[in-house]
Each structure stands twice: as C-alpha cells, then as structure tokens.
Amino acid sequence: MSSTDFDSFAHEQHMRTAFELAQEAADRGDEPFGSVLVRDDTVLMSDSNRVNTAGDIRRHPELHLAYRACEEYSPAVREEMVMYTSTEPCPMCAGGMVTAGFGRVIYSVSSDEIATFTESTPGVRSRAILGDSSDVIGGLLNDEGRQLHADYDW
Ligand SMILES: [Zn+2]
C-alpha cells in the first residue's frame, strides 16, 4: 500500500481511538476531545485535551500533535499523515496544522455542532484555514462523536 493511499485506511477504527482518548480526557477533568495521527494506516501519535489538567490553553490535541509531528518528522512524511480528530479543529489548531502540512484531516463532530453543545458562537471553519494544505473531511461516525458531547456536562 502506498503511504498516501488514504482511502484504504481503517477510518472508523482510528476515529474510535480518538473517541476513546476524548473520553479519557473527560474522565480526568479535561474537555472531551481526542486525536490520532496515522501514517501507513498505523497510529504514530495520539493525544487528548489537557487544557484544564495542564493549565495550558494550547493543549488541544490537534495543536499538540502538530507541534510533536513538526519536531519528529519531515514535511514530506507529514504529508503522508492523516489526523483523525473527534471534533473539527478550532482556528488555533488549524493554524498550527497548516504548518504541519498533514495530507488529510478527518473529523467527526463539526465546529457548528460543538457550538450548539457549548452554547458558544461557531468559530471559523477548519476548511477555510486548512483547505489549501490538507484535504478536510467531516462527519465520520457523527452519531458516536455527538454522543461524547451529549454525555459531557457542558
Ligand atoms: Zn483546537
């Protein structure tokens, strides 16, 4: 399999790993967001939200994975990666992910949907920031992704 044959990746399996990470975050006192970074259909890195427990507004999983990937992998390798993330990246994360240059980004719950759960104003959509550098695909396992937020005390 070519390393950029993204369509053959085990999308649902990787997204469910992101959901498990999101649930772990909620269980330890952080907000329910999780992400994994996949290359050759293998998870290389994973992270979940740690804003509360780390006391750091930057600790969204997508931005932290972008930071770690830039530390450890070349731009050419980052292009061969897919990020699976439980909720659409916020503008802060999407900005960092432009620098990382991942080939594809797949999310479950959209930023418009999360704004409904959190009763906040919808942010700039990730495609508007990432669209020139990454393919952005939304809505994977959307019912399961939404359930994480329905279960969380927003
Ligand atoms: Zn973010």
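Below are some worked exercises on this predicted model.

Before you start: residues are numbered from 1 along each chain as its sequence is written. Local features need pLDDT of at least 70, side-chain atom pairs count only at pLDDT 80 or more, totals for chains, interfaces and linings use all residues, and side-chain values use heavy atoms, with hydrogens and water left out.

**Exercise 1. Work out which atoms coordinate the zinc ion, and where His 60 and Cys 93 sit.**

Step 1. Look for donors, meaning N, O and S atoms within 2.8 Å of the metal (3.2 Å for Na, K and Ca); water is not among the atoms, so sites may look incomplete. You'll find ND1 of His 60 plus the SG atoms of Cys 90 and Cys 93, at 2.0 to 2.3 Å.

Step 2. Write the spacing along the sequence: H-x29-C-x2-C.

Step 3. Helices (H or I, at least four residues) and strands (E, at least two) are DSSP runs, numbered from the N terminus. His 60 is in the loop between helix 2 (51–54) and helix 3, while Cys 93 belongs to helix 5, so the pair links distant parts of the chain, 33 residues apart.

Step 4. Check accessibility: buried means under 20% relative accessible area, exposed over 50%, partly exposed in between (1.4 Å probe, protein chains only). Cys 93 is buried at 0%, whereas His 60 is partly exposed at 22%.

**Exercise 2. Describe how helix 3 packs against helix 5.**

Step 1. Get the geometry. Axes are lines fitted to C-alpha atoms, for helices over the stretch in contact, and angles run from 0 to 180 degrees between N-to-C directions. For helix 3 (residues 61–72) and helix 5 (residues 91–100), the axes come within 8 Å and cross at roughly 20°.

Step 2. Classify the angle: under 35 degrees is roughly parallel, over 145 roughly antiparallel, 65 to 115 roughly perpendicular and the rest oblique. That makes this pair of helices roughly parallel.

Step 3. A crossing is left-handed if the near helix is turned anticlockwise from the far one by less than a right angle, and right-handed if clockwise; helix 3 passes helix 5 in a left-handed crossing.

Step 4. List the contact (heavy atoms within 4.5 Å). Helix 3 brings Glu 62, Leu 63, Ala 66 and Cys 70, and helix 5 brings Met 92, Cys 93, Gly 96, Met 97, Thr 99 and Ala 100.

Step 5. Sort these residues, with Ala, Val, Leu, Ile, Met, Phe, Trp, Tyr, Cys and Pro as nonpolar, Asp, Glu, Lys and Arg as charged, and the others, Gly among them, as polar. You get seven nonpolar, two polar and one charged.

**Exercise 3. Find the setting of Ser 86, then of Asp 40 and Asp 41.**

Step 1. Ser 86 is in strand 3 (residues 81–87) and is buried at 1%.

Step 2. Leave aside neighbours within four places in sequence; the contacts of Ser 86 then include Met 15, Phe 19, Phe 33, Val 109 and Leu 148.

Step 3. Asp 40 lies in the loop between strand 1 (34–39) and strand 2 (42–48), and Asp 41 is found in the loop between strand 1 and strand 2 too.

Step 4. Check phi: about 50° for Asp 40 and about 65° for Asp 41, positive although neither is a glycine.
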